[in-house]
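Welcome! Take a moment to look over the sequence and turn the model around before you start the exercises.

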Amino acid sequence: MKLTSLALVVSLSTCSALAVSANANTQDNSQDNSHENTKANAKAMYSTSTAAKDQVTLTNWADANFNHWSFQNMGIHPNLMVPRDGKVSMLAENLDPSIAALKFDYAGQQFTVNQAMINDRTDGYVIIKDGQVVHEQYFGTFGPKDHHMWASSTKSLVGQAVGLLVEQGKLDPNKTVDSYIEELKGSHFGEQTVRTVLNMTSALDYSEDYANISPGTMHYEYFRRLGLVPAYDLMKLDPTKDDTPRGLLEFAPQFKQNPDLAVNHKYEYHSPNVDVAGWLIARVSGQPLHQFIAENIWYKLGVEHDATFMTDMTYTPVATGGFTSTLRDFARVGIAMANHGNYNGQQVFSKAWLADTFALTDDEKEHMQRSIYKSKEAGVYDEWLEGYKNYLWVHDSKKGIATFRGVFGQHLYINQEQNLVIATFSSAKSASNAARATNKPRLAAFEAIANHYQQESSLANLDK
């Protein structure tokens with residue numbers, strides 16, 4: 001979820017030789033030391049006896065002084081288990097420490113890969129080339145066995161889960177949502193096609209600019225249901241005596257169309273679309289979302305650890321941003337995406353659906369071009385984006401380059417051409433990745449690493 005105001009928003013049993021210990025100082029003198037001071041500045045919950053001013057609450061959990069702890073302890077919200085199963089798919093290592101020192105230029109400045117990561121308060125990152133771990137680092141109190149929220153990177157996982165049902169013939173992207181969800185008949189969401197919801201072109205009368213949020217507005221009420229703004233009054237309601245919508249699904253029929261915008265005209269980053277997609281998965285599959293993902297995706301990946309799914313107060317999984325896992329398990333999802341859905345000896349994601357995700361139509365490219373992300377005057381201009389489809393941020397449709405993205409610096413970079421995956425977890429100071437200056441060098445670092453491997457490959461071919 002792309003938020004612009006913090007005030008209102010809210011492994012292995014043995015580590016790689018390059019993975020740092022929880023409290024090690026990993027930075028040279030040229031690097032910003034803001035992350036190394038995270039624990040010193042954010043005392044929240046790091047003591048057996050924590051002063052009231054340092055305690056994490058539902059009000060402050062996304063604030064920079066508290067999020068380093070809360071993003072690794074999402075049990076502050078209701079959660080459901082997403083269990084692992086089967087044999088662990090061990091990740092081979094082909095370690096190359098020099099990749100962290102790789103230099104590149106961005107916006108008139110020179111960075112190393114490590115600087116680009118550290119300067120955005122990264123908790124951990126791992127680079128995987130051809131299925132092998134090339135480099136891996138952890139910072140602060142975060143380690144290889146710790147869980148971390150994905151935030152809106154969850155959306156991209158949900159988009160691929162939808163694809164499994166499409167491949168099974170249980171869901172048709174061209175049918176309307178109310179063909180599957182009776183409760184949405186007569187609503188704006190009900191009248192949209194599944195494809196419109198998946199591409200976020202539903203033209204909702206809704207805003208995710210939380211700098212100007214105020215009680216009583218649609219987006220404020222939505223985030224109360226989501227759990228990112230505390231809603232103590234809703235928590236204490238007895239649903240058998242009061243029919244006020246407490247959860248995301250009950251609230252979905254209240255969304256209307258923006259009277260000044262046509263459906264399927266432009267891409268707008270609106271999280272409520274994904275709540276509907278999660279509902280579609282549950283309705284069509286007959287399983288709760290967390291169970292469907294466990295049995296159809298998490299089991300097959302051979303992950304090392306169970307995951308969890310944050311829920312709303314009705315214990316419905318938050319499809320738009322509730323997944324948590326360890327870093328390497330996050331990366332395993334990327335490895336499958338980079339290999340056309342195949343990993344661990346299984347077809348985890350639909351190969352056809354993944355190919356369709358990258359096959360942007362001219363209209364889908366135009367949807368992005370009309371969006372605020374392609375306006376050079378906007379603070380969220382993104383030079384890398386070509387399109388957005390099935391909740392995936394597509395950078396290059398021909399090379400198969402894309403990202404999962406979540407607020408505060410959660411990224412999963414996928415490059416099919418280079419068979420390259422980079423996963424990052426962060427506790428950045430502000431929410432919006434697109435607007436945060438310290439995040440942009442990280443996106444540039446992804447491309448610099450890909451270019452490095454492309455050049456290596458080209459030189460190897462010349463030597464043959």
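The exercises below go through a sheet, the helices beside it and one histidine, each with a worked solution.

This is a predicted model, in which local features need pLDDT of at least 70 and side-chain atom pairs count only at pLDDT 80 or more, while totals for chains, interfaces and linings use all residues. Residues are numbered from 1 along each chain as its sequence is written, and side-chain values use heavy atoms, with hydrogens and water left out.

**Exercise 1.** Work out the order of the strands in the open sheet of eight strands, and find its edge strands.

*Solution.* Begin with the terms: strands (E, at least two residues) and helices (H or I, at least four residues) are DSSP runs, numbered from the N terminus. Two strands pair if DSSP finds at least two bridges between them.

- Step 1: Going across the open sheet, the order is β2-β6-β5-β16-β15-β14-β13-β12, and the pairing is mixed.
- Step 2: At the edges lie β2 (92-93) and β12 (387-389), each of which pairs on one side only.
- Step 3: Y125 has Q137 in β6 as its bridge partner.

**Exercise 2.** Follow β14 and describe its two hairpins and its surroundings.

*Solution.* 

- Step 1: β13 and β14 run antiparallel, joined by three bridges; D396 is the bridge partner of I401. Four residues lie between these strands in their hairpin, and G400 in the turn has a positive phi of about 70 degrees.
- Step 2: β14 and β15 are also antiparallel, with six bridges, and T403 is partnered with Y413 in β15. Their hairpin has three residues between the strands, with F408 at a positive phi near 65 degrees.
- Step 3: Count a residue as buried under 20% relative accessible area, exposed over 50% and partly exposed in between (1.4 Å probe, protein chains only). Six of the six residues of β14 are buried, so this strand is largely enclosed by the rest of the structure. One side carries I401, T403 and R405, the other A402, F404 and G406.

**Exercise 3.** Is H395 buried or exposed, and which residues is H395 in contact with?

*Solution.* 

- Step 1: H395 is found in strand β13, and its relative accessible area of 10% makes it buried.
- Step 2: Contact means heavy atoms within 4.5 Å. Leaving aside neighbours within four places in sequence, H395 is in contact with residues including W384, L385, T403 and E447.
- Step 3: The side chains of H395 and R405 are joined by a polar contact of 3.1 Å (a pair of N or O atoms within 3.5 Å; within protein, one must be able to donate a hydrogen and the other to accept it, and residues adjacent in sequence count only if both atoms are side-chain atoms).

**Exercise 4.** How many residues of α12 are buried, and how far does α12 reach?

*Solution.* 

- Step 1: α12 is mostly covered, with 12 of its 12 residues buried.
- Step 2: From first C-alpha to last, α12 reaches 17 Å, close to the expected 16 Å (1.5 Å times one less than the number of residues).
- Step 3: Just after α12, H340 takes a positive phi of about 55 degrees.

**Exercise 5.** Which residues of helix α13 (residues 351-358) are buried, and what do they pack against?

*Solution.* 

- Step 1: The buried residues of α13 are W353, L354, T357 and F358.
- Step 2: These residues lie on the same side of α13 because they cover an arc of only 140 degrees around the axis, taken from the directions from the helix axis to the C-beta atoms.
- Step 3: The face turned away carries the exposed K351 and A352.
- Step 4: Among the partners of the buried residues of α13 are α4, α12 and β14.
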